[in-house]
Amino acid sequence: MKARIGLEIHCQLTTLKTKLFCGCRADYRKMDPNTNVCPTCLGLPGSLPRLNGAAVKTALLIAIALGCKSPDVLSFFRKNYFYPDLPKNYQITQLDIYGPACVGHDGQIKVDDRDVRISRIQLEEDPGRIVYSGASEKNLETLVDYNRAGAPLVEIVTEPDMESPRDVRIFLNLMHDMLENIGASDASLEGAIRADANVSLEGNNKVEIKNVSSFHDLEKAVGYEIMRQTNNIENEIEIDKETRQWDEKRRITVSARSKESDTDYRYFLEHDVPWIEIGNACDMLRKDMPESIATRRQRYTAEYGISDQVAEILSSQQYFARIFESARTDENSRELANIITTDLMGLLETRQKQADSKLGSAELGRLVGAMMDKRITRTSAKSALQSMVRDGRSFDDIVRESGLGTVDDESKITELVGSVIDSEPGLVNQALASPKAVHYIMGLVMKKSSGRADPEMVRKAIESYLDSKRNDAPDQ
Amino acid sequence: MSTDLGITLAEYVRGVASGEISCEEYVVATLDRIEKHDAKLHAYVSVDADAVEAAKGVDAAVRAGRDVGALAGAPFGIKDNICMAGTRTTCCSWMLEDYVSPYDATVVDRLSGSGGIVVGKTNMDEFAMGLTTEFAAFGPSLNPWNTECVPGGSSGGSAVAVSALECIASLGSDTGGSVRNPASFCGIVGYKPTYGRLSRYGLVSYANSIEQVGIMARSVEDVGIVMNAISGEDKMDDTTRRDVRSGADHTPDHIADIDGGVEGMAVGLDVDSFDESTDVGSAVRRAADAFEAAGATVTDVHIDHGPSSVASYYVLTAAEAGSNLARYDNLRYGYDMPQEGYEYNAYISRARSRLGPEVTRRMILGGFVPSAGHAGKYYLKALKMRDALSAQVDGVFADGNLACILSPTVPVLPFKFGEKIDDPVELFRMDSNTVLANLTGRPSISVPFAMSSGLPIGVQLTGSLDSDAQLLRIANTIHASSESKGAPQL
């Protein structure tokens, strides 16, 4: 039976400075509880929301990136429900039931070869955080931290167009990269992107899966849910329309609440936030829109002759794509792409490391140039790169001071080869008998030169050394 | 003490500037009067004795030749649903009995910035729901003209304070007539500006799409002076932003043309809003005559005040109240009530059961009218009614090229305590003339015009959007012909 899977993705706009409706910091992390608050985000009597225009802009960028339409006028609604993490006991969000009013609707995105439709994208405020503390279940205390309350959040809702956990994974990875690429969110921050899923099997009730902490677990939870529902149907057990939660320890979904009618949120217009006329904002934004990952990937393969695999990795991460573009020349594209994807990405795998990196793109270009001219070996390049990232020293200085330049003086290499072979007299005969030993000797020579010797010249030197030995040996 | 407390704000400001009036003496005399009469009248729920220190500062500044601002140390009463840093803002509800706001409302901030001195917070119906102050949790205010009568509401305390000379002017809030109704019952001027003219930042929300801060004073010019000091765009309230509205000038001078008269202007007489055989109705007719005498043309107009406009008003305000008051869940503010042993929702229900009867009534209504399955029949229908009413009023204004519409503020004279409190529907009807301006966002003002059986009668003028300065000019003209003069004898 075919599964139909839809997702609801909540993405914090972490790149913004302030919350959605007040001047408190959007980045609430690493702060003492209830210190990033003001009358507005605490919902104190008399306070009013003031819309953050940058949040609207960023949300529209997401809508554009997902091929959504945006209405001429945006409006906000109140979603009324009681919960301790909700300072006003309503959430300011967006709604399309009275006609399109959300930042985006009816979009579409290619996931592998499948089109996944985007129903809508809405801008809303994050609630606070509930923290349970206490020694045991019995004397549990419920604490609320409002630092997060009012943080700008975008909810992306898809149609149930995915069919497998694999589709879910690919879709989420695409979202992750896209949100980073357009500068909407730093997805690596804890809690920056959360997703819920709904799963149904042809003609049966829909089940929602909530409170899954990671994308990886969501994929597992969807897989589990498809299996559970399939089993139920095979055993003619009706599938309840319900919400289930992912139990991380047992790796199963469990029913969150019993069957109940839909909560009535008594939605109505938030009059404190005047309607926003978009005008030609979308056209303006579209002009300044960062190149999409897919376009960039295509350009890398088509124009720069980079392999599709390398282009995929390089294009999906804006930080590295930027370095690549600014250090690139018509000659160095492939070599540069390789060193970025194999060496530099390993050195700078976190955003923090990227921010701390002292590597300039011109210097990186110099390093790649030297490699291509064989003035430095791959091994030396790697070690120079480390130092450039860490200390910001210039490539030339490093080469000069630490002597990382390639040893390509023929007499020096011959000398080096001679000294290695002489140190292990048995080697010559082994090498004469088996080509494998030649590699072994090469390894020793490279090691002795600290990776600086030109490998091709070393190989030639060993060959000619062995040839001379062959000539010396009596014919048999 | 010979200080004449009955002067207008305009007279007071001139007197202070010229050194003829001592701010300290005036404020001390005001506080003395509060001390003497307010135990009975109950206009105030809290009084700030520090006001005297501020007044001394104003006198010193005058002596030193420094600017004392447009309000020059004038003593104001502020409705207790408008926040002032460091003082209690109770909304006259037990729920906020001990709530102290950490910030100033923009209107308070601007009032102080122009030299105004707040002498106290004034009484009101709980959370501004009511029109008699009988729903004030800490007891009602009394009408100074006849203490057996209600002073009107919900800004009853603000009206009583101005009328009884316990302050020179006051701020209230007007959701369905809550400034104009008590102004009419207490014989003073009460003004609700165009929606968005005064910042609502710091006004505790009840029905946020409808309500405005309002100004109460002894003359129309006084209202203009206060408007000049506190109106205009506020970055803390997006609904005051010019670009989202008509683009009209948001800070016009409200007093420059105030004596310009009404020569050649067209006034629409809302003939379906009154019965000429009543004292109130005949007063309105005389006001129309006064307009004609002043050179305006008066034409009869018809506006549908049918039950649907009041019904739509109550549906919308209840829906918004249900949401705006949801935050009073007794977790962050409220009364002492242990949480042990309650499930979350059960606790909130129990805590909220201590809200007063009118608030409870509107919360229940507010939970119902926008709910799934009922929104179409009530909430959405009310929204349509509101749009239809707006269109209808626009049409009436356009057809007659009207400068304003004239009607009674309240259809009846001030009535006795207890007379109508048990009949909420009858009470709702008292709003039938005033809600129009709230539902359509228009500016509207009640001017004391006549007296009957020792009780004041106010007439109401409603203008078109953003015509506030012109409306004050028209109101000033009619106030000059007012048959009602002076303050009540206490």
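**Group meeting: a walk through a two-chain model**

Okay, let's start with one residue: R390(A) is exposed, with a relative accessibility of 53%. Here "exposed" means over 50% relative accessible area, "buried" means under 20%, and "partly exposed" is in between (1.4 Å probe, protein chains only). R390(A) has a salt-bridge partner, D391(A), and their closest N and O atoms are 3.5 Å apart. A salt bridge, for us, is a side-chain nitrogen of Lys or Arg within 4 Å of a carboxyl oxygen of Asp or Glu. D391(A) is partly exposed, at 39%.

Before I go on: this is a predicted model, where local features need pLDDT of at least 70, side-chain atom pairs count only at pLDDT 80 or more, and totals for chains, interfaces and linings use all residues. Residues are numbered from 1 along each chain as its sequence is written, chains are lettered from A and ligands numbered from 1 in the order in which they are written, and side-chain values use heavy atoms, with hydrogens and water left out.

So, how many salt bridges are there over all chains? The count comes to 46. As a general point, side chains of opposite charge can pair when their charged atoms come close.

Let me show you a pair in chain A. R297(A) and D308(A) make a salt bridge, 3.0 Å from N to O. R297(A) sits in helix α5 (residues 293–304) and D308(A) in helix α6 (residues 308–315), so this pair ties together parts of chain A that are 11 residues apart in sequence. When I say helix or strand, I mean DSSP runs numbered from the N terminus: H or I with at least four residues for helices, E with at least two for strands. R297(A) is partly exposed at 28%, and D308(A) is partly exposed at 41%.

Now over to chain B. E483(B) pairs with R286(B), with the closest N and O atoms 2.8 Å apart. E483(B) counts as partly exposed at 40%, and so does R286(B) at 33%.

While we're in that stretch, look at S484(B), also in the segment after α15 of chain B. Is S484(B) buried or exposed? With a relative accessibility of 9%, S484(B) is buried. Setting aside neighbours within four places in sequence, S484(B) touches P448(B), F449(B), A450(B) and M451(B), where contact means heavy atoms within 4.5 Å.

Back in chain A, there's a salt-bridge network too: K2(A), R114(A), E163(A) and D167(A) are linked in it. Chain A is split into domain 1 (3–285), domain 2 (291–402) and domain 3 (410–472), with bounds from an automatic or database domain assignment. How far apart are the C-alpha centres of domain 1 and domain 3 of chain A? They lie 63 Å apart.

Next, where the chains meet. Chain B puts 43 residues into the contact and chain A puts in 31. Together they bury about 2,900 Å², with 55% of it on carbon and sulfur atoms; buried area is the accessible area (1.4 Å probe) that two parts lose on being put together, summed over both. Between chain B and chain A the count is 1 salt bridge. R200(B) pairs with D272(A), with the closest N and O atoms 2.9 Å apart.

G153(B) and S154(B) are joined by a cis peptide bond, with omega about 5°. S154(B) is in the loop between β3 (117–122) and α5 (156–163). T133(B) lies in the loop between β3 and α5 as well, and T133(B) has a positive phi of about 65° although it is not a glycine. T133(B) is buried, at 0%. N401(B) also has a positive phi, near 45°, without being a glycine. You'll find N401(B) in the loop between α12 (379–400) and β9 (404–408) of chain B. N401(B) is exposed, at 64%.

Last stop: L140(A), in the loop between β7 (129–133) and β8 (141–145) of chain A. L140(A) is partly exposed, at 39%. Thanks, everyone!
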